[in-house]
Amino acid sequence: MKPVLVIRFVSHEGPGYLASYFDAHAIAWELVAIDNQDALPASIKGYSGMVLMGGPMSANDDLPWSQSVLALIVQAHSADIPLLGHCLGGQLISKALGADIKKSPIKEIGWGSVQVSDSTVAKKWFGAIEIFKAFHWHGEMFGLPAKATHLLSSDYCKNQAYALGKHLVFQTHIEVTPEMVRNWCDEGTQELTLSAESPAVQQANEMQQDSPLHCFFLNKIAAQVYGQWVKNLAN
């Protein structure tokens, strides 16, 4: 099988648990690190799927790589090659497929519950799971492209995930590891201070206190979801 293309935008927001899942299931994958000035492929045809990770930038920013990434997303969608987006990656997929990216009314940072939608499509991805604690770090949110099915919501963000055929898009993070949580807290010290008054922002000590336990259970959710996504990888 052709490898899965994984695009990283900043060094501390890599594939995390997803990399462990791929390796444990002998799924070949190739990392393109935008933060290291890695070149993006001109075509998606050499890949079985495409994953886009998170980052502190906005999907609405005009960055040197923006148009190339959006074009690859459109290629993948047109070729029916599965897309998987996490936070910024989910926003980029949404933008490429015609949805708006807007500022969230309330910034979300830290551990918080998400509710699984009551639909047959949601049950396909999440099984019997109805609610779980995910990790959030976002100040913007995506709209849903045409024909997408809503999957997850939280008290502070209506659109936390959706599915569009083989494509799976998250605003929240299901890929985090305890090490990633620590690194994000270190990188985001200033943002945490400036956002301390938000009702949906936890500070670093609170986020890290039980993160190994939270990540343990979140990894089980991610394994369920990723297990469904990889079934559709192109040959």
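Reader: To what number does the count of aromatic pairs come here?

Author: The count comes to ten aromatic pairs, where rings of Phe, Tyr and Trp (its six-membered ring) pair if their centres lie within 6.5 Å, and planes under 30 degrees apart count as stacked, over 60 as edge-to-face and the rest as tilted. Take Tyr-17 and Tyr-226: their ring centres lie 6.3 Å apart and their planes are at 20°, so this pair is stacked. Because Tyr-17 belongs to helix 1 and Tyr-226 to helix 8, the pair ties together parts that are 209 residues apart in sequence. Helices (H or I, at least four residues) and strands (E, at least two) are DSSP runs, numbered from the N terminus. A word on the basis: this is a predicted model, in which local features need pLDDT of at least 70 and side-chain atom pairs count only at pLDDT 80 or more, while totals for chains, interfaces and linings use all residues. Residues are numbered from 1 along each chain as its sequence is written, and side-chain values use heavy atoms, with hydrogens and water left out.

Reader: Are Tyr-17 and Tyr-226 buried or exposed?

Author: Both Tyr-17 and Tyr-226 are buried (under 20% relative accessible area; exposed is over 50%, partly exposed in between, with a 1.4 Å probe and protein chains only). For another geometry, look at Phe-216 and Phe-217: the ring centres are 5.2 Å apart with planes at 80°, so that pair is edge-to-face. Phe-216 counts as partly exposed because its relative accessibility is 45%, and Phe-217, at 48%, also counts as partly exposed.

Reader: Which residues of helix 1 and helix 8 meet?

Author: From helix 1, Tyr-17, Leu-18, Tyr-21 and Phe-22 meet Asn-219, Ala-222, Ala-223, Tyr-226, Gly-227 and Trp-229 of helix 8, with contact set at heavy atoms within 4.5 Å. By class, this contact of helix 1 with helix 8 has eight nonpolar, two polar and no charged residues (Ala, Val, Leu, Ile, Met, Phe, Trp, Tyr, Cys and Pro are nonpolar; Asp, Glu, Lys and Arg charged; the others, Gly among them, polar).

Reader: At what angle do helix 2 and helix 3 pack?

Author: Helix 2 and helix 3 pack at about 70°, and their axes are 9 Å apart. These two helices are therefore roughly perpendicular to each other. Val-69, Leu-70, Ile-73 and Val-74 of helix 2 make the contact with Leu-92, Ile-93, Lys-95 and Ala-96 of helix 3. The contact of helix 2 with helix 3 counts seven nonpolar residues, one charged and no polar. Helix 3 (residues 88-96) is mostly covered, with seven of its nine residues buried; among them are Leu-92 and Ile-93.

Reader: What should I make of a positive phi?

Author: Most residues other than glycine have a negative phi. Here, Ala-26 has a positive phi near 55°, and it is found in the loop between helix 1 and strand 2 (29-33). Ala-26 counts as exposed because its relative accessibility is 71%. Asp-80 also has a positive phi, of about 60°, and sits in the loop between helix 2 (66-78) and strand 4 (83-86). With 40% relative accessibility, Asp-80 counts as partly exposed.

Reader: Which residues does Ile-7 touch?

Author: Leaving out residues up to four places away in sequence, Ile-7 touches Val-32, Ile-34, Leu-40, Met-50, Val-51, Leu-52 and Met-53. Ile-7 is found in strand 1 and is buried, with a relative accessible area of 0%. Arg-8 is in strand 1 (residues 4-8) as well, and is buried at 13%.

Notes. Axes fitted to C-alpha atoms, helices over the stretch in contact; angles between N-to-C directions. Parallel < 35°, antiparallel > 145°, perpendicular 65-115°, else oblique.
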